[in-house]
Amino acid sequence: MKNRWAETPENEIDQLVYQSRLVGAEESLVLWGGGNNSVKSQSTDLLGKPIDVMYIKSSGSDMKTIVPKEFPAVRLDYIEPLRPRDGGMSDQEMVDYLARCLVDPTSRRPSIETLLHAFLPARAVLHTHADAILALTNTRGRETTVRDCFGDSVITVPYLRPGFRLSRDVADAFASKPDAEGLVLMNHGLITWGETARDAYEKHIALVTKGEEWLASRSPAATSVLSNVDATTVAPVIRGALGATRSVILEFDGSEEVLRFLARDDAKRITQIGPATPDHLLYTKRFPLFLDAGDDVSKALSDYVERYKAHYDNYRSEFAMLDPHPRVVLVPGAGMWTAGKDARAARIVRDIYRHTMRIIEAAEGAGGYETLNDEDAFHAEYWPLELYKLTLLPKEKELAGKVAIITGAASGIGRACAERFAEEGAHVVVTDVDVALAEEVANGIAAKHGLRRAVALRLDLSSEDDVERAYAETITAYGGVDIIVSNAGISSFGSLDVLPAADWDRSFAVNARGHFLVARAALRIMKQQKTGGSIVFNASKNVTAPGKEFGAYSVSKAAEAQLCRIVALEGGEFGIRANMLNPDAIFGGSRFWSDEMRSMRATAYGIEPSLLPDFYRNRTLLKTEVTADDVAEAALFLAGPRSSKTTGAMVPVDGGVKEAFPR
Ligand code: ZN
């Protein structure tokens, strides 16, 4: 590993920030909020009296993007007297105590490993969960492995969950050998120290590099492996099985590294030994689900759940059993799927399991992978402090964990649906013929709601290949699909006696056949998932109240309406619902109302084009203008669980047009 220290900022906090970012940039040192660092310094109390303090990384902050305010200062004069304390300290007691040691009570909560840093006399301390160290300490005969690699230059401390006792053990071990280069925590990570953040960093990199080189000399050379399973046919089955009680988003990793790992003869055995650290366990669960070719996914999953239940029953906890489903699914020849309540959670699991694979592989080369025993693994998962955090989570949103494909989503009603659904927790596939505009919408959603919450795809509904490709890409992105808003349509006008047949065909290609292609692929995937689904067709007011000179449009839209009913008929037994919306006269942001269209309709009604919105508003029973957001609200209702007993229905969103009453 490269020593990247290039400059030393003047101020101590800036040095800590600089050190954090160098460490955070190395994924094989820390991932997603892991690791922590500190520096001991001086400050003043409320009365201006000098005090010894320690700046320590706050709990949960991410090293690669950390800023100075994420290093709260704690008073060392309050912490030092704790060390000899009889009977230790529970985790909750420790957290409460540390909250009262903050120099500024409004600052962030200090790391759970604060005492570990505070009890060490060195000025600067750095702690990571480096892959190389984890590989060495997750071997059979771990003490010997660590000594073979580092000689007597490091101290080792046996596995204990982070907390008061581990902090004291670390301080005692340090006192027995203060000239050590570093301290290795079994199944957990590495600690180094020094006078400055730079000293601690440089010692850290030197030890990790030594570990990496030692392991590399024992690893077999990489071979080449190719994928031989079509991942898009497997993903919906996996997502459906995992999402039987709660929808999940999947992330797929079919990289060569994963395929190579899964092609090992012993892949199944070595993945069922356990996680590399208790920290990893919280994200990846203890074991991945390993599927061999031909395995029945739901049978394999129920076996997995049974195994988890037995593990829980064996140790029990004051806390109810956590979700017993796997978060990592491995399929040799295809790759790895990771699951989360949203795309970000699935990404974290993916990143962590990639490192787990590297650690397992390196440890296998160094004597054999071995990790936490059953009991330690149980207590790492049912750690009261972590479980308490879960109780503070906000209530899940209406479409949490759901995937929605929306056609014609770059503007107007489609865009309003995409944005509204994302607000309610959905992951949105923004499709449109105008992919640049679709990307703008998707980027806006991701910026507002988070990582991978929307993707943009080019989709021309008149092309069968395009539709199939859009679904395949959706499956690759999220694992499946739950909601469709079949919205895209094209307008065309002209009285029948002069209407070119090409216009008629074009209308049907999109407004009828396009919706059929979208519904067909949706039904196929939803049946594979076995978790139902909801398809919302944007049918338009013209279905119930057609307009003259609007033949190609109105007749093709009537076909769409009938298609919706057939989908409801055929989907019912699978829990797949189909309903339609009949909006009218949506002007804002709509491409439907081109200048040509406006002037054509205005002429038909004998008014000025600029008066058209007023004309439509005044002819409604509610004398109101209907917006794309109004339609999105109705679409949300039909897409989500609040309408779970409704299928085959028609909902006008037109301000009230009596000619268009459904009957
Ligand atoms: Zn740690």
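Tutor: Let us begin with metal sites: donors are N, O and S atoms within 2.8 Å of the metal (3.2 Å for Na, K and Ca), and since water is not among the atoms, sites may look incomplete. Here the donors of the zinc ion follow the spacing E-x13-H-x1-H-x58-H along the chain. Please note that this is a predicted model, in which local features need pLDDT of at least 70 and side-chain atom pairs count only at pLDDT 80 or more, while totals for chains, interfaces and linings use all residues. Residues are numbered from 1 along each chain as its sequence is written, and side-chain values use heavy atoms, with hydrogens and water left out.

Student: Which residues coordinate the zinc ion?

Tutor: The zinc ion is held by Glu-113 through OE and by His-127, His-129 and His-188 through NE2, at 2.1 to 2.5 Å. Of these, His-129 lies in the loop between strand 4 (124–128) and helix 5 (131–137), and His-188 in the loop between strand 6 (182–185) and strand 7 (189–194), 59 residues apart. Helices (H or I, at least four residues) and strands (E, at least two) are DSSP runs, numbered from the N terminus.

Student: Are His-129 and His-188 buried or exposed?

Tutor: Buried means under 20% relative accessible area, exposed over 50%, and partly exposed in between (1.4 Å probe, protein chains only). His-129 counts as buried because its relative accessibility is 12%, and His-188 counts as buried at 6%.

Student: How many disulfides does the structure hold?

Tutor: A disulfide is a covalent bond between the sulfur atoms of two cysteines; the criterion is a pair of cysteine sulfur atoms within 2.5 Å. The structure holds 0 disulfides. Cys-417 is in none, and the nearest cysteine sulfur, that of Cys-564, is 15 Å away. Cys-417 is buried, at 1% relative accessibility, and Cys-564 is buried at 0%.

Student: How many salt bridges does a search of the whole structure find?

Tutor: Side chains of opposite charge can pair when their charged atoms come close. A salt bridge is a side-chain nitrogen of Lys or Arg within 4 Å of a carboxyl oxygen of Asp or Glu. The search finds 44. One of them joins Glu-419 and Arg-415 at 3.0 Å, N to O. These two residues are 4 apart in helix 17 (residues 412–423), so about one helical turn separates them. Glu-419 is partly exposed at 32%, and Arg-415 is partly exposed at 33%. Elsewhere, a network of salt bridges links Glu-251, Arg-347, Arg-350, Asp-351 and Arg-452.
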